[in-house]
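Trainee: Please take me through this structure, starting with its charged pairs.

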Amino acid sequence: TFLPGTYWFIIRYDGLNAVEENEAQVTLTFAGGSMYNFKVKAITVEPAVPPAIARVTGDGQVIVNGDVSPVTADHTDFGARLTAGTLTRTFTITNAGVAGAAALDIDAISITGANSDKFTVLSNTCGDPLASGGACVFTVQFEVGNQPGTYNAMVVIANSDAERNPYEFAIRGQLMAPSGSLLGNNRVIENGSNSPDPLNHTMMG
């Protein structure tokens with residue numbers, strides 16, 4: 001016999017499978033034979049998989065997605081050459097998602113921007129999906145002829161991180177004119193040159 005008041009009881013559901021839906025009828029029988037019925041339902045769903053998180057570093061320094069200020073510390077500024085030639089820098093892509101996160105797919109790595117023709121993706125090891133904590137590397141080469149100046153471009157990484165796709169950042173390299181150089185059209189005119197060139201304005205027409 002229950003005295004007047006409020007009473008409560010607990011129904012426990014033990015879901016056995018990763019994904020399932022179950023219903024049950026609950027019947028309360030009171031003194032005198034009266035009954036109170038209601039239905040309960042429980043749904044078990046797959047736990048959400050944490051997302052992949054793309055992270056790029058250069059020389060161990062994080063390069064923030066959207067960075068437009070190249071610096072030498074993270075290799076986005078390739079530095080300067082005094083003569084025509086090449087400079088190479090290596091960058092690392094990491095799936096920085098938590099343990100059990102979705103794999104990170106790297107679909108493409110490309111160079112865009114005003115001077116994209118001066119930069120080339122020489123190699124990359126990013127062909128396979130990266131599990132959480134996994135990493136791959138790619139190398140970019142800066143190649144310049146004999147025209148002094150600053151050359152700018154963007155690295156664009158197409159990937160499966162919805163919040164950081166594309167992952168892009170600015171890079172640059174420089175060719176410095178040797179001290180005491182004579183320039184025409186911002187191009188070096190070599191001492192003793194016997195080959196007039198329209199590009200450095202020594203070919204008058």
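**Salt bridges and strands**

Trainee: D77, then: buried or exposed?
Mentor: D77 counts as buried, at 8% relative accessibility. Buried means under 20% relative accessible area, exposed means over 50%, and partly exposed lies in between (1.4 Å probe, protein chains only).

Trainee: What kind of model is this?
Mentor: It is a predicted model, in which local features need pLDDT of at least 70 and side-chain atom pairs count only at pLDDT 80 or more, while totals for chains, interfaces and linings use all residues. Residues are numbered from 1 along each chain as its sequence is written, and side-chain values use heavy atoms, with hydrogens and water left out.

Trainee: Back to D77. Which residue forms a salt bridge with it?
Mentor: R172 does, with the closest N and O atoms 3.0 Å apart. A salt bridge here is a side-chain nitrogen of Lys or Arg within 4 Å of a carboxyl oxygen of Asp or Glu. The pair links distant parts of the chain, D77 lying in strand β5 (residues 77-81) and R172 in strand β11, 95 residues apart. Strands are DSSP runs of E, at least two residues long, and helices are runs of H or I of at least four, both numbered from the N terminus.

Trainee: And R172, how exposed is that one?
Mentor: R172 is partly exposed, with a relative accessible area of 28%. Elsewhere, salt bridges that share partners join E21, E23, K39 and K41 into one network.

Trainee: What are the distances for K41 with E21, and for K39 with E23?
Mentor: The side chains of K41 and E21 meet at 3.3 Å, N to O. K41 belongs to strand β2 and E21 to strand β1, and 20 residues separate them. E21 is partly exposed, at 48% relative accessible area. For K39 and E23, the N to O distance is 3.7 Å. That pair also links β2, which holds K39, with β1, which holds E23, across 16 residues. K39 is exposed at 55%, and E23 is partly exposed at 46%.

Trainee: How many salt bridges are there in the whole structure?
Mentor: The search finds six.

Trainee: How do β1 and β2 pair?
Mentor: Strand β1 (residues 20-29) and strand β2 (residues 35-44) are antiparallel, over ten bridges; two strands count as paired if DSSP finds at least two bridges between them. T27 has N37 as its bridge partner in β2. The two strands form a hairpin with five residues between them, and G32 in the turn has a positive phi of about 95°.

Trainee: Changing topic: how many helices and strands does the chain have?
Mentor: The chain has zero helices and 13 strands.

Trainee: What about the largest nonpolar core?
Mentor: It has 28 residues, and those with the most contacts inside it include I93, F138 and I157. The elements that give two or more residues to it include β6 (85-95) and β10 (149-159). β9 gives the largest share, five residues. By definition, such a core is a set of buried Ala, Val, Leu, Ile, Met, Phe, Trp, Tyr and Cys residues joined through side-chain atoms within 4.5 Å.

Trainee: Which residues does I93 contact?
Mentor: Leaving aside neighbours within four places in sequence, I93 is in contact with residues including V56, L104, F138 and I157, where contact means heavy atoms within 4.5 Å.

Trainee: How much of the chain is buried?
Mentor: Of its 205 residues, 29% count as buried.
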